[in-house]
Amino acid sequence: MASPSVLHINTWGGIGGAFIASDRLHHSLQKMGVDSAYAYGRALNGSDSGLNKSAHYHRLERAANVGEFALTKASRKIGLNDITRFSTFNLPSQPFFPAAWVLNFHNLHSDFFSYLALPKLTALKPAVWTLHDMWSFTGHCAYSYECDRWKIGCGHCPLLGEEPQVNRDATHWEWQLKDRAYGRARVSVVAPSRWLTQQAQQSPLLQRFNVQHIPNGIDTQRYQPLDPQYCRSVLGIPAGKRVLMFAAQSLTNARKGGDLLFESLMALPPALKQDTLLLTFGSGDDRKLKALGMETLGLGYVNSDRLKAILYSAADIFVFPTRADNLPLVLQESMACGTPMVSFRVGGVPDLVRPGITGLLAEPEDPQGLSEKLVELLAADDERAKMRRRCREIAVDEYSIELQCDRYIQLYKQLLA
């Protein structure tokens, strides 16, 4: 069978983990000879023009009629954010749709897509749905933390303010509407982490589908170990400093745990803090971190792969105090650059942070425990050197972008067959 033609559909254009992961897959499939196209619903911070400069990118047309706008505004008021995006049903009339043999959905939430159109779209084309969070099987939230009401139909939601936010608790009705739509849809579900695979397989909404595990891939040529001393000299980091690193799209995002990082670093021994520099990249105000009493170097938002590889290679440890995550791209990038990691035992993090092999894990919401793991690993120079080698080996063997593409191509061909 010839290489399939694939159309990826995703919320954001230009920023965010789901976009970066799906965009890497899109470009890597193209390099492997697959006719891959990308349609996105929203753009951020002017990224729309940047996307349009590249081939095979398409902006999904938003309906201009007043009726849909009014209905969407009304549905948001009652807590059903996206169901009236009826322009989704017109996706087959867009010029790039007929060329696709297979659809690959990614994030479908946040003001651009109605999941009620899934039965129509998946009746026309075989479809894969790559999950980047839990939204597909909850009543509204992308991450449910300790709440497991998604197993019984949601309702009485304790997390209305979690992304994507809703104005009223219509989570039981959203869950029911998803159930009805999915019951008439045909789709194969992919989850990048073992944790999300298990969650999806336990979901009453997704149990009807084939759910399989395909990890996100990383370009191990772009992200590879560089000489640490050279990288530190490029960044102006004084010789002899120990370097901890933290990165997130938004440093102030509560889910990424910036407050937990602050508490854990405050708990470090004073002498160790004096010898340590905190290196960060990501958007948002990091002034609180500058109050730690230790030297900091914040570079703001960074999207250059080359610069990020320099940053990871300059660090002794990548610390990631996340409260909930799927398969964090920053951990994959750190691993590919040979930088050991310290994080919490949550979500898909243990797929990457393997205690004693690629880093250390603390228990969730335990900044003191995280601090102790940092002290332990900073004191173990020989152990860190072994971890650096294992990080790189595992990244190449298990998480190369070529391996991810091969797995998707096989799945596309199975669906077409």
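How many helices and strands does the protein chain have? The secondary structure comes to 15 helices and 13 strands. Helices here are DSSP runs of H or I with at least four residues, strands are runs of E with at least two, and both are numbered from the N terminus.

A word on the source. This is a predicted model, in which local features need pLDDT of at least 70, side-chain atom pairs count only at pLDDT 80 or more, and totals for chains, interfaces and linings use all residues. Residues are numbered from 1 along each chain as its sequence is written, and side-chain values use heavy atoms, with hydrogens and water left out.

Now the overall shape. The C-alpha trace spans about 65 × 50 × 40 Å along its principal axes. With 417 residues, a compact globule would have a radius of gyration near 22 Å, and the protein chain has 22 Å, so the two agree. That radius is taken over C-alpha atoms, and the globule rule is 2.2 Å times the number of residues to the power 0.38. Buried residues make up 56% of the 417. Buried means under 20% relative accessible area, with a 1.4 Å probe and protein chains only.

On to a sheet. In what order do the six strands of the open sheet run? The order is β10-β9-β8-β11-β12-β13, and the pairing is parallel. Two strands pair if DSSP finds at least two bridges between them. At the edges sit β10 (295–298) and β13 (359–362), each pairing on one side only. From one strand to the next, the twist averages 20°. Those angles are between N-to-C directions, from 0 to 180 degrees, with axes as lines fitted to C-alpha atoms, for helices over the stretch in contact.

Find strand β11, residues 317–320. Are its faces covered or open? Both are covered: I317 and V319 on one side are buried, and so are F318 and F320 on the other. Strand β8 (residues 242–250) runs parallel to β11, joined by two bridges. There, L244 has I317 as its bridge partner, and M245 stands opposite F318. Strand β12 (residues 341–344) also pairs with β11 in the parallel sense, over three bridges. F318 has M341 as its partner in β12.

Eight of the eight residues of α11 are buried, so the helix is largely enclosed by the rest of the structure. Among them are L329, L331 and M335. After α11 comes G338, with a positive phi near 75°.

Now another group of strands. Strand β5 covers residues 127–130. A127 and W129 point one way, V128 and T130 the other, and all are buried. Strand β4 (residues 102–105) pairs with β5 in the parallel sense over three bridges. N104 has V128 as its bridge partner. From β4 the chain crosses through helix α4 (residues 118–124) to β5, a right-handed β-α-β crossover. β5 also pairs with strand β6 (residues 188–191), parallel, over three bridges. V128 stands opposite S188 there. The chain gets from β5 to β6 through helix α5 (residues 171–183), and this β-α-β crossover is right-handed.

That's my part. Questions, please.

Terms used: Buried < 20%, exposed > 50% of the residue type's maximum accessible area, 1.4 Å probe, protein only. Right-handed = clockwise from strand over helix to strand, strands pointing away.
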